[in-house]
Amino acid sequence: MSPAAKPPPPPDPLPPLREVIARHGLSARKALGQNFLLDLNLTAKIARQAGDLSASDVLEIGPGPGALTRGLLAEGARRVVAIEKDPRCLPALQEIAEAHPGRLEVIEGDAMKIDAARLLAPPVRVVANLPYNVGTELLVRWLTPPEWPPFWQSLTLMFQREVAERIVARPGSKAYGRLSILAQWRSDARIVMSLPPEAFSPPPKVHSAVVHLEALPAPRFAADPAVLEKVVAAAFNQRRKMLRSALKRLSPNIEAHLRAAGIAPTERAENVSIEGFCALARQLEGEIS
Ligand code: SAM
């Protein structure tokens with residue numbers, strides 16, 4: 001081994017996930033979106049997609065019985081803060097904390113209601129396998145703070161494959177929409193893994209994919225975030241309409257603003273680049289806020 005090579009992480013000393021789940025009676029609850037990962041090689045691979053964890057605090061949402069948590073710790077995360085809503089999972093997570101003294105803090109609660117940023121020291125990487133509805137809402141929150149850069153340096157998140165495709169979609173494709181623009185305006189987003197339903201227990205009905213987003217130091221193009229969000233929401237709410245009609249309630253002069261932004265008023269939202277939407281948001285800044 002060369003002097004610069006990293007030593008291999010210590011082996012995970014804890015019992016297999018199936019045993020943990022059986023011992024703690026963690027039957028999966030649909031209402032909490034519980035589809036658990038069991039394969040620690042797979043969760044270590046997901047953890048590696050998040051980049052070098054050894055110098056980062058990691059925020060994990062929805063650790064469940066802890067397969068991904070164990071992957072994050074095995075891959076050398078400096079510290080993991082994990083927020084879990086289901087109190088049944090806490091004893092299993094406590095065992096992981098005891099096996100990695102001082103490196104795992106488990107918080108019982110609803111991630112939608114907890115201000116996680118204040119619990120972590122930068123740089124922060126967020127890694128999660130979340131219920132899909134919670135995941136999309138948290139992603140939108142993480143992508144839309146008033147100030148940039150945000151508290152996180154990267155997000156590595158599991159989604160239903162169709163949602164992952166929307167996050168990374170380019171103009172001109174059916175999947176391109178509000179989520180693509182919010183994600184790609186201020187970060188680099190790519191799909192880094194695909195997972196079949198059988199990777200989970202119980203298997204969900206859909207395929208899944210892991211998306212990795214790295215925050216850019218500054219947005220790609222200047223725009224007020226609140227104005228951009230309103231323009232994009234209105235444009236894609238009626239994505240089949242021409243923009244002059246989809247956006248007419250935003251301004252009586254929408255045709256002139258579209259032209260000034262370099263967009264044909266007859267264009268449809270799915271063909272407009274992020275640069276184009278930002279130019280339009282700048283045009284409209286005086287009229288909407
Ligand atoms: N990360 C684990 C894994 O990969 O095996 C569990 C994944 S499971 C899809 C989602 C987890 O998120 C469950 O443990 C569930 O209890 C938890 N959860 C659901 N809603 C939550 C919320 N609002 N806040 C925190 N955790 C939540």
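Colleague: What volume does the largest pocket have in this predicted model?

Modeller: The largest pocket comes to about 750 Å³. Because that figure is the space filled by probe spheres set on the grid points, please read it as a computed volume.

Colleague: What makes a residue part of the lining of the largest pocket, and how many residues line it?

Modeller: A lining residue has an atom within 4 Å of a pocket point. For the largest pocket, 37 residues line it, and Leu32, Gly33, Gln34, Asn35 and Pro131 lie nearest its centre.

Colleague: Which helices and strands supply the lining of the largest pocket?

Modeller: At least two residues each come from β1, β2 (57-61), α3 (67-74), β3 and α5 (132-143). Helix α5 gives the largest share, three residues.

Colleague: How do the residues of that lining divide by class?

Modeller: The lining of the largest pocket has 22 nonpolar, nine polar and six charged residues. Gly33 is one of those nearest the centre, and glycine counts as polar here.

Colleague: How do you know that the ligand sits in the largest pocket?

Modeller: A molecule sits in a pocket if more than half of its atoms lie within 2 Å of the pocket's grid points. The space taken by the ligand is the largest pocket.

Colleague: Which residues are closest to the ligand?

Modeller: Leu37, Gly62, Glu84, Asp110 and Asn129 are the closest of the 19 residues that surround the ligand. Two strands, β1 (36-37) and β3 (79-84), each supply at least two residues of this shell. By class, the shell has seven nonpolar, seven polar and five charged residues.

Colleague: How much of the ligand's accessible area does the protein cover?

Modeller: On its own the ligand has 590 Å² of accessible area, and the protein covers 98% of it.

Colleague: What is the volume of the second largest pocket, and which residues lie closest to its centre?

Modeller: The second largest pocket has a volume of about 250 Å³. Its lining has 17 residues, with Asp115, Ala116, Arg141, Trp142 and Phe151 closest to the centre. Both β2 and α5 supply at least two residues of this lining, and the largest share, three residues, is from α5. By class there are 14 nonpolar, no polar and three charged residues.

Colleague: Why is a space called a cavity and not a pocket?

Modeller: A cavity is a set of points where a 1.4 Å probe fits but cannot get out, whereas a pocket is an open set. The count comes to three cavities of 30 Å³ or more, and the largest cavity has a volume of about 40 Å³.

Colleague: Which residues line the largest cavity?

Modeller: They are Leu14, Pro15, Val20, Pro65, Arg70, Ala92, Glu95 and Ile96. Helix α4 (residues 90-99) gives the largest share, three residues. Six residues of this lining are nonpolar, none is polar and two are charged.

Colleague: Where are the prolines that follow cis peptide bonds?

Modeller: Most peptide bonds are trans. The bond from Trp148 to Pro149 is cis, with omega near 5°, and Pro149 is in the loop between α5 and β6 (154-160). Another cis bond joins Ser201 and Pro202, with omega about -5°; Pro202 is in the loop between β8 (200-201) and β9 (208-215).

Key:
Residues numbered from 1 in each chain as written. Predicted model: local features only at pLDDT ≥ 70, side-chain atom pairs only at ≥ 80, totals over all residues. Heavy atoms only, no water. Near = heavy atom within 4 Å. Areas by Shrake-Rupley, 256 points an atom, 1.4 Å probe, with all protein chains shown as cover. 1 Å grid on protein atoms, 1.4 Å probe; cavity = no way out; pocket = protein on both sides within 12 Å on 5 of 7 lines; lining within 4 Å. Helix = DSSP H or I, 4+ residues; strand = E, 2+ residues; numbered from the N terminus.
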